[in-house]
Amino acid sequence: MLESANVPTQGVPCEQVLADFHVYLAETKGVRQGTQRVYVRHVREFLNSEFRFGIMFNQELSGRVVFRYITEHASRGRVVATKLATTALRSFIRYLVIRGKCDASLINSVPPVCNRKLSRIPTVLSKAQVDAILASFDRTTPLGLRNYAIVLCLAHLGLRSGDVVHLTLDDVNWRSGTLRVQGEKSRRASVMPVPYEVGSAIAAYVLKGRPITRERRIFVSHARGSQKGMPVTSSAIWPIVHKAAKRCEIDTTRVGAHTLRHTFASHMLQNGVELKQIADVLGHRSLNATFLYTKVDLRRLSEVTQPWPVVKP
């Protein structure tokens with residue numbers, strides 16, 4: 001195990017360290033805003049758990065401290081969450097190395113987390129369940145118009161939550177019936193055709209439900225006070241889907257915004273769309289990410305399975 005790095009003994013407020021780390025992610029690394037928030041949140045949890053009184057004592061940042069935190073995190077959390085925590089901590093330690101506050105060898109103290117690709121099966125809803133979720137919104141209210149349009153973008157375009165909240169009025173080309181999507185992960189913009197139902201829902205919200213605001217983002221907050229008219233965040237999308245599924249008496253233990261993206265992709269595959277086309281629509285740069293959906297295509301899987309051997313007495 002690594003020992004403590006030879007660093008200055010003066011304590012620094014953790015929030016100051018986090019603020020500097022946030023600037024480093026944004027300006028030096030060019031990390032997207034959503035990823036910045038995730039990294040800072042994980043590092044804040046780490047600092048709060050290891051350093052008392054909100055003061056980070058650099059001499060206490062050792063490999064033993066880092067290793068203990070990750071192993072404890074893994075024992076109580078999901079694999080995906082623990083992998084995010086390790087990635088955030090590695091980035092944080094690199095930041096400290098650049099600032100000359102710890103030795104580069106400390107990065108090796110962050111243990112790897114095993115998460116085998118394609119090991120999980122995505123939750124997929126039936127067409128009837130998706131239709132029920134969409135029908136559960138009260139489109140006579142401004143908030144219902146907004147939430148209906150948001151869920152349509154998830155269910156009929158396969159967008160991520162981050163993609164939806166970053167859509168602007170300038171991204172919609174009403175003449176050509178297309179939508180420009182700035183990929184949340186790839187940072188590459190793509191243009192896709194907009195089904196009539198989706199375009200109509202967005203238009204209805206903009207014309208009849210959207211608060212008066214100078215904001216160019218399509219989907220904005222309807223809350224009272226200073227937040228009204230401000231862009232919605234990705235964290236606001238999950239409750240919209242979750243509450244709609246609950247209204248429809250659908251098991252909500254594994255249903256969220258990304259469930260609709262999984263459902264969209266799986267239904268395309270079941271309807272005979274090739275994997276490469278699905279990958280292009282979803283914005284996957286590698287087909288490996290799209291292979292996940294072959295696990296729920298039971299019809300095609302049944303064509304390659306071998307019959308169960310019958311043993312005669």
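**Overall make-up**

Modeller: The secondary structure of the protein comes to 13 helices and five strands, where helices (H or I, at least four residues) and strands (E, at least two) are DSSP runs numbered from the N terminus. This is a predicted model, in which local features need pLDDT of at least 70 and side-chain atom pairs count only at pLDDT 80 or more, while totals for chains, interfaces and linings use all residues. Residues are numbered from 1 along each chain as its sequence is written, and side-chain values use heavy atoms, with hydrogens and water left out.

Colleague: What percentage of the 313 residues of the protein count as buried?

Modeller: A residue is called buried under 20% relative accessible area, exposed over 50%, and partly exposed in between (1.4 Å probe, protein chains only). Applied to the 313 residues of the protein, this gives a buried share of 42%.

Colleague: Among contacts between residues at least 6 apart in sequence, what percentage join residues at least 24 apart?

Modeller: A contact here means heavy atoms within 4.5 Å. Among contacts in the protein between residues at least 6 apart in sequence, the share that joins residues at least 24 apart is 60%.

Colleague: How many aromatic pairs does the rule for rings give?

Modeller: Rings of Phe, Tyr and Trp (its six-membered ring) pair if their centres lie within 6.5 Å, and planes under 30 degrees apart count as stacked, over 60 as edge-to-face and the rest as tilted. By this rule, the number of aromatic pairs is seven.

Colleague: Which kind of aromatic pair do Y24 and Y95 form?

Modeller: Y24 is in helix α1 (residues 14-28) and Y95 in helix α4 (residues 79-98), so that the pair links distant parts of the chain, 71 residues apart. Y24 counts as buried at 3% relative accessibility, and Y95 likewise counts as buried at 3%. With 5.4 Å from centre to centre and 50 degrees between the planes, the pair of Y24 and Y95 is tilted.

Colleague: Why is the pair of F46 and Y69 given the name it has, and what is that name?

Modeller: F46 lies in helix α2 (residues 33-50) and Y69 in helix α3 (residues 63-76), so the pair ties together parts that are 23 residues apart in sequence. Both F46 and Y69 are buried. Because the ring centres of F46 and Y69 are 5.1 Å apart and their planes stand at 70 degrees, the pair is edge-to-face.

Colleague: Is H42 buried or exposed?

Modeller: H42 is found in helix α2. Not counting residues up to four places away in sequence, H42 touches Y69, H73, A81, L84, A85 and A88. With a relative accessible area of 4%, H42 is buried.

Colleague: Where does R139 lie, and at what distance from the ring centre?

Modeller: A charge sits over a ring if NZ of Lys or CZ of Arg is within 6 Å of the ring centre and within 35 degrees of the ring normal. R247 lies over the face of F137, at 5.2 Å from the ring centre. R139, in turn, lies over the face of Y148, and its distance from the ring centre is 4.0 Å.

Colleague: How many salt bridges does a search of the whole structure find?

Modeller: A salt bridge is a side-chain nitrogen of Lys or Arg within 4 Å of a carboxyl oxygen of Asp or Glu. One of them joins R180 and D171, whose side chains meet at 2.7 Å, N to O; R180 is partly exposed, with a relative accessible area of 39%, whereas D171 is buried at 11%. For the whole structure, the number of salt bridges found is six.
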